[in-house]
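Q: I have this one open on my screen. Please take me through it, and start with the terms.

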Amino acid sequence: MSKESGSPDSDYNFRRVTTTVGGPVSHRRRVGDRQETARRLLFAATETKYDADLDIDWDAAPDPEKYWLPAERVSLHGTRLWHRLDEAQRRELGKHELVAMLSAGIYAQSILSMLTFRDIVEGAGLVDDRTRFMLASIQDDSRSTTMFSRLVNATGAQPYNLPAPLQMLTKLTLMAPSGPLGRGFRLLLEEMLDSVLQDLATDPGVQPHVQQINKIHSQSGARHIEFARDDLLRAIEAQGPIRNALHRWALAAVTAMCYAAVVNPAAYRSVGIAPLRGALAAFASANYGKNAQRATASFRRFAREERVLDGPVAAAVMRLGRVEQGSR
């Protein structure tokens, strides 16, 4: 085994998994020593560095034969409104929905950076490996934001602001609890962003710029997800059962609503559809539920394995948001 996999002869071995108070862990298998985990991920972060401005050929013209967003990922796909659009309009709507997603991604990366800075300020180890990895993560988020903004420019479309209610919520970001809810929200953003980008990159019909962004983002995304998962499990272990239940229900509500923030109704104006009419048609379609479940699948799978989102209340809330199927 390599050092990255935590072999016995590595410089940063894992210790036996325990809770934060030293007791045995019954089902949370992934929590090792916090500093050793951060050190290993920090070493990995230094191995490969990309420049968001130079490592993608932004001067290259988009391929006219390729689309910006696959048809099945467009929110109106399969609806009556979709069938009324011609091929050019479908491509145009896909482009604008991608721009809306990238715009939401810029907001998400900024939120992640703010939460990470808060952890640094509130933490006890300003000069330890965990803090250094969090600073490296902020650099990664800044690079991703640069790539997203560059890709928006490449489409020729204007960025989309978040709807007013969501903009108000972003202003309350630093007031979000730093326990399981805050850690779970961070992991959800990381997992959703990684899932959506990977989904686009594996489709040979999308623009090369989109594929290249995923190749760069995936390097840091895997590290961020591992770190966020570890942080979430630690936060859960530090809470009692009642508080964990409250955080679990709140996190289920955030999970249910998160994909809706990605689908910006203002994008429908690009093809002459009223935002409210398009939003109602999209949410009622089977395609919406399929895409919402796909975007959150990795997070929900991990959360279910670790009993983060277990219980009938959490399941019911996620079914209302269409991110969970009606029956399992």
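A: A pocket is an open set with protein on both sides within 12 Å along at least five of seven lines, and lining residues have an atom within 4 Å of a point. Grid points are joined across faces, edges and corners, and a volume is the space filled by probe spheres set on the points. The model is predicted, with local features needing pLDDT of at least 70 and side-chain atom pairs pLDDT 80 or more, while totals for chains, interfaces and linings use all residues. Residues are numbered from 1 along each chain as its sequence is written, and side-chain values use heavy atoms, with hydrogens and water left out.

Q: Why roll a probe at all?
A: A probe the size of a water molecule, rolled over the atoms, shows where empty space is left.

Q: OK. How many helices and strands in the chain?
A: The chain has 11 helices and zero strands. Both are DSSP runs numbered from the N terminus: helices are H or I with at least four residues, strands E with at least two.

Q: How much of the chain counts as buried?
A: Of its 328 residues, 50% do. Buried means under 20% relative accessible area, exposed over 50%, and partly exposed in between, with a 1.4 Å probe and protein chains only.

Q: What lines the largest cavity?
A: Its lining includes Leu 69, Arg 73, Met 101, Asp 199, Tyr 259 and Arg 294. H6 and H10 each supply at least two lining residues, and the largest share, four residues, comes from H6.

Q: How does that lining split by class?
A: Six nonpolar, two polar and three charged. Ala, Val, Leu, Ile, Met, Phe, Trp, Tyr, Cys and Pro count as nonpolar, Asp, Glu, Lys and Arg as charged, and the others, Gly among them, as polar.

Q: And what lines the second largest cavity?
A: Among the residues there are Asp 141, Arg 186, Glu 190, His 224, Phe 133 and Phe 227. The elements that give two or more residues to this lining are H3, H4, H6 and H7. H4 gives the most, with four residues. The classes come to five nonpolar, three polar and three charged.

Q: How much space lies in the largest pocket?
A: About 850 Å³. It is lined by 35 residues, and the closest to its centre are Ile 111, Phe 185, Leu 189, Cys 258 and Ala 261. Helices H3 (87-122), H4 (129-155), H5 (164-170), H6, H7 and H8 (241-262) each give two or more residues to the lining. By class, this lining has 31 nonpolar, four polar and no charged residues.

Q: Switching to rings. How many aromatic pairs does the whole structure have?
A: Three. Rings of Phe, Tyr and Trp (its six-membered ring) pair if their centres lie within 6.5 Å; planes under 30 degrees apart count as stacked, over 60 as edge-to-face and the rest as tilted. Phe 133 and Phe 227 make a tilted pair, 4.8 Å centre to centre with 45° between the planes. Phe 133 is in helix H4 and Phe 227 in helix H7, so the pair ties together parts 94 residues apart in sequence.

Q: Are those two buried or exposed?
A: Phe 133 and Phe 227 are buried.

Q: What about Tyr 259 and Tyr 288?
A: They pair edge-to-face, 5.4 Å centre to centre and 70° between the planes. Tyr 259 lies in helix H8 and Tyr 288 in helix H10 (residues 286-305), so this pair ties together parts that are 29 residues apart in sequence. Both tyrosines are buried. With Phe 283 they form one aromatic cluster.

Q: What lies over the face of Phe 283?
A: Arg 322, at 5.4 Å from the ring centre. A charge sits over a ring if NZ of Lys or CZ of Arg is within 6 Å of the ring centre and within 35 degrees of the ring normal.

Q: Last one. Where is Gln 207?
A: Gln 207 is in the loop between helix H6 (180-201) and helix H7 (208-237). Because its relative accessibility is 1%, Gln 207 counts as buried.

Q: What does Gln 207 touch?
A: Leaving out residues up to four places away in sequence, Gln 207 touches Pro 62, Asp 63, Lys 66, Tyr 67 and Trp 68; contact means heavy atoms within 4.5 Å. Gln 207 and Pro 62 are 145 residues apart in sequence, and 6.6 Å apart in space, C-alpha to C-alpha.

Methods: On a 1 Å grid over the protein atoms alone, a cavity is a set of points where a 1.4 Å probe fits but cannot get out, and a pocket is an open set with protein on both sides within 12 Å along at least five of seven lines; lining residues have an atom within 4 Å of a point.
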